Amino acid sequence: MLSTASADFRRNEAHNRALVAAFREKQDKARHARPQRDLDRLASQGKLRPRERIEKLIDPGTPFLELSSLAANMAYGGESPSASSIVGIGVVSGRETIVRADDPSVKGGAWYPLTTKKIVRALDIAIENRLPVVHLCDSAGGFLPLQSQLFPDKYVGGRIFRNQSILSKMGVKQLSLVFGHCTAGGAYIPALSDYNVIVRGTGAVFLGGPPLVKAATGEESTVEELGGADMHTSVSGVCDYPAASEEEAILIGREIVAQWERPRKWDIQREAPEAPAYEPQELYGIIPDDIKKQFDMREVIARIVDGSRFHEYQPNYGTTLVCGFANIWGYKVGILANNGVLFNDSSLKGGHFIELCNQNNTPLVFLQNITGYMIGRDYERRGITKDGAKMIMAQSCSRVPKFTVMCNGSFGAGNYGMCGRAFDARFLFAWPNHQIGVMGGDQAANTLVEVKANQMRRAGEPIDAATLERVRTETLAAYQEQTSAYYSTSELWDDGLIDPIDTRNALAVAISASLNAPLGEAGYGVFRF
Amino acid sequence: MALHLKLAGSTHAIEIVRRKPTLLLRVDGRLHEIATPDAPDALAIDAAAFSFVRALEAESDRETAFVRHGGRTYEVGFVDPRAEIAAHDATHDEIHAPMPGAVVSVHKQPGETVARGETIVTIESMKLQTALAAQRDGIVQDVLRAAGETFEKDEALVRLAPAAEG
């Protein structure tokens, strides 16, 4: 029973508006704050800033859903805003595409380890949703001091080129616009794109630039000779179209995309879109000012879905998991939202509802605020683990697209059942108040203090209260940092933080994008009954 | 499922027949066409103009809507279908623990009056604090667990004094 006039509502609202303001400020800084020196250098080369390139590329008046704008915000001493790479979904010549841009205003566009993680994720999104990709290339290559973290492992540098190849094989088109240098590994981005355009004078593609060639063979060469626009478009065939300027390259690029076949989307149930009857701004007063405080997720659903209409499934059973059907911008979805701990009955209800949505070809939306599956002797005896496992099985094997929003807490195995990062949600967004961890900070500190005290007892030492207090404060401090939404998004455990009131729009763009890929294969593994 | 609204003391069943191009409702078996003119807080029922006003009830956090028509004001209450379902299970004399846990704080003492929706105790379980609220207006008779005490799922935590009939 929510009242927008209550003291709780007003306190929450003040708290969350401050949180969102801080988020907006960080985001604005990551997007726009650059040393003047770097901006001057770009201008003197006649280059546009990466966001200007994107603006000119996408269709006028269409939205651009930026993903992971605060990636790497807590890494590398803040030297790599947005992980030096801009990724988002935009409409180019009428086609939904992934737009991915290097950021030459940061260390010459060098790739940090998290840059490669972000690009790999962008291409995974392209693969999962069959979205064409436009690469805006302008990068000095891998950030050499950290090469060990971005080169050898499976899901870093090399995976970018593997994903590019797989996309091409799937018939999902890629276009590269070469605005600056594509050196070493970076050279393969345009080379593995089905189409590419290169800007005369500033664009260059080569495995080794002039200094490296000189060091290796003693050969003296210029950038133009080694990898310039005219050489590649008339001699080597590495590039397709020369362009006289960045603006021309973008125009040619838009024309290329206009040639591509339009994808046939699968036939989701749709209604005419309708705004929620309840004001989305009221979400600020609903989200509590303390992660431990419970709130009714139906109030959130009412501010996200069309007409605030929610057909609730099993409203009187397993009530800690709210399940039901609704429309988001017209698209029919099945929503699972946490209203407390997952018990045996709520887990079974969740599993059953997921099966209903798969049977009905209805995408799933998970709204997470979960502290876990219920623990304790009674629940273990009733098989809470196998009931949770059924829900995880149904969810993992779903053939319909899944979308996850981290609305508050995400702790323990509840994260798994509710389609956490490991479970291939097509898109996963998080709110700035979100916290995530295998358990809460207090619980981890208490557990570790208990372990430490037991060690002391076993060693026959006296229990040293000061040491225990130190363990507690250190654990709490580490937890506070690592469970925060900023840490989570810094490490790319999500596809970006969003302002809660943008949830409806972000989900709509994500759902629309997901329809480009056909439904997966039906079937499940063995349910443990 | 029909919605239920309370108007001037009696309950009416309302069913949505269609939404487009205009809203068509079946109220107690009769069809009515609803239109929303551009004016704020106004609506037309079978072409007759109504205006409605929301107001806050003093003393509690509850919102009530009032409808004005023909110079008279009517109070309109929405009957929560979930509360209705719950009503079949209990008389709301007792508040039961939705999960095992511990009492964090007690907000109302025996003898105090509570309004529906007011928090009586806050419990914590599995890192989550839940405010347990009165399901109806009444007087607290007993708070069966003090702050810090633990309880099992479904245990009664609060008892309200029985409501007078009628």
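Colleague: In the hairpin of strand 1 of chain B and strand 2 of chain B, which residue takes a positive phi?

Modeller: This is a predicted model, in which local features need pLDDT of at least 70, side-chain atom pairs count only at pLDDT 80 or more, and totals for chains, interfaces and linings use all residues. Residues are numbered from 1 along each chain as its sequence is written, chains are lettered from A and ligands numbered from 1 in the order in which they are written, and side-chain values use heavy atoms, with hydrogens and water left out. The hairpin has two residues between its strands, and the residue with a positive phi, near 50 degrees, is B:Ala8.

Colleague: Over how many bridges do strand 1 and strand 2 of chain B pair?

Modeller: Helices (H or I, at least four residues) and strands (E, at least two) are DSSP runs, numbered from the N terminus, and two strands pair if DSSP finds at least two bridges between them. B:Leu3 stands opposite B:Ile14 in strand 2 of chain B. Strand 1 (residues 3–7) and strand 2 (residues 10–18) of chain B are antiparallel, and the number of bridges is five.

Colleague: In strand 8 of chain B, what is the bridge partner of B:Leu7?

Modeller: Strand 1 of chain B also runs antiparallel to strand 8 (residues 72–79) of chain B, joined by four bridges. Within strand 8 of chain B, the residue bridged to B:Leu7 is B:Val76.

Colleague: Which residue in the turn between strand 4 and strand 5 of chain B has a positive phi?

Modeller: Strand 4 (residues 30–35) and strand 5 (residues 42–45) of chain B are antiparallel and joined by two bridges. B:Ala35 has B:Ala44 of strand 5 as its bridge partner. Six residues lie between the two strands of this hairpin, and the turn residue with a positive phi, about 55 degrees, is B:Asp41.

Colleague: How far apart do the C-alpha centres of domain 1 and domain 2 of chain B lie?

Modeller: Domain bounds come from an automatic or database domain assignment. For chain B they give domain 1 (3–79) and domain 2 (92–160). The separation of the two C-alpha centres is 34 Å.

Colleague: What area is buried between chain B and chain A?

Modeller: Contact means heavy atoms within 4.5 Å; 23 residues of chain B are in contact with 31 residues of chain A. Buried area is the accessible area (1.4 Å probe) that two parts lose on being put together, summed over both. Carbon and sulfur atoms give 61% of the buried area, which is about 2200 Å².

Colleague: How many salt bridges does the rule find across the interface of chain B and chain A?

Modeller: A salt bridge is a side-chain nitrogen of Lys or Arg within 4 Å of a carboxyl oxygen of Asp or Glu. Across the interface of chain B and chain A, the number found is zero.
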